[in-house]
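Subject: A structure for you to explore

Hello,

Here is the structure I promised to pass on to you. Have a look at it first, and then read my notes below.

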Amino acid sequence: MTKATTITVTLPNGELAKRKTARTYTHAVCTKTRVISFCGSFELAQKRIRACHPEVQPTLTIVPVNA
């Protein structure tokens with residue numbers, strides 16, 4: 001079993017969001033103030049945005065996970 005690590009994402013408003021996980025995430029789908037979803041690739045993040053309601057899609061941003 002892989003040991004859990006803490007990953008961070010810099011949100012569009014400049015705040016840091018953290019998550020403790022054993023999985024590998026490369027991108028996050030975010031609003032200005034919170035993370036909607038962590039994704040394993042840019043393509044999966046795009047797919048996640050397409051799955052959201054059309055009125056919400058313009059407010060979402062794909063942000064890379066901090067190294």
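**What I found**

Ala 28 stands opposite Phe 38 in strand S4. Strands here are DSSP runs of E with at least two residues, numbered from the N terminus. Before going further, please note that this is a predicted model, in which local features need pLDDT of at least 70 and side-chain atom pairs count only at pLDDT 80 or more, while totals for chains, interfaces and linings use all residues. Residues are numbered from 1 along each chain as its sequence is written, and side-chain values use heavy atoms, with hydrogens and water left out.

Two strands count as paired if DSSP finds at least two bridges between them. S3 (residues 27-30) and S4 (residues 35-39) are linked by 4 antiparallel bridges, and a hairpin of 4 residues joins S3 to S4. Within S4, Ser 37 is the bridge partner of Val 29, and Cys 39 is that of His 27. S3 also pairs with S5 (residues 61-64) in the antiparallel sense over 4 bridges; there, Val 29 has Ile 62 as its bridge partner.

**Buried residues and cores**

Is S3 covered on one face or both? Both faces are covered, with His 27 and Val 29 buried on one side and Ala 28 and Cys 30 buried on the other. Buried means under 20% relative accessible area, with a 1.4 Å probe and protein chains only. S4 is mostly covered too, as 4 of its 5 residues are buried.

The largest nonpolar core has 11 residues, among them Ile 7, Ala 28, Cys 30 and Phe 38. A nonpolar core is a set of buried Ala, Val, Leu, Ile, Met, Phe, Trp, Tyr and Cys residues joined through side-chain atoms within 4.5 Å. Strand S1 (5-10), S3 and S4 each give two or more residues to this core. A second, separate core of 6 residues includes Cys 39, Ala 45, Cys 52 and Leu 60.

Leaving aside neighbours within four places in sequence, Ile 7 is in contact (heavy atoms within 4.5 Å) with residues including Ala 17, Tyr 25, Phe 38 and Val 65.

**The cysteines**

How many disulfides does a search of the whole structure find? The search finds 0, where a disulfide is a pair of cysteine sulfur atoms within 2.5 Å. Cys 30 is buried, at a relative accessible area of 0%.

Happy exploring!

Technical notes: Buried < 20%, exposed > 50% of the residue type's maximum accessible area, 1.4 Å probe, protein only.
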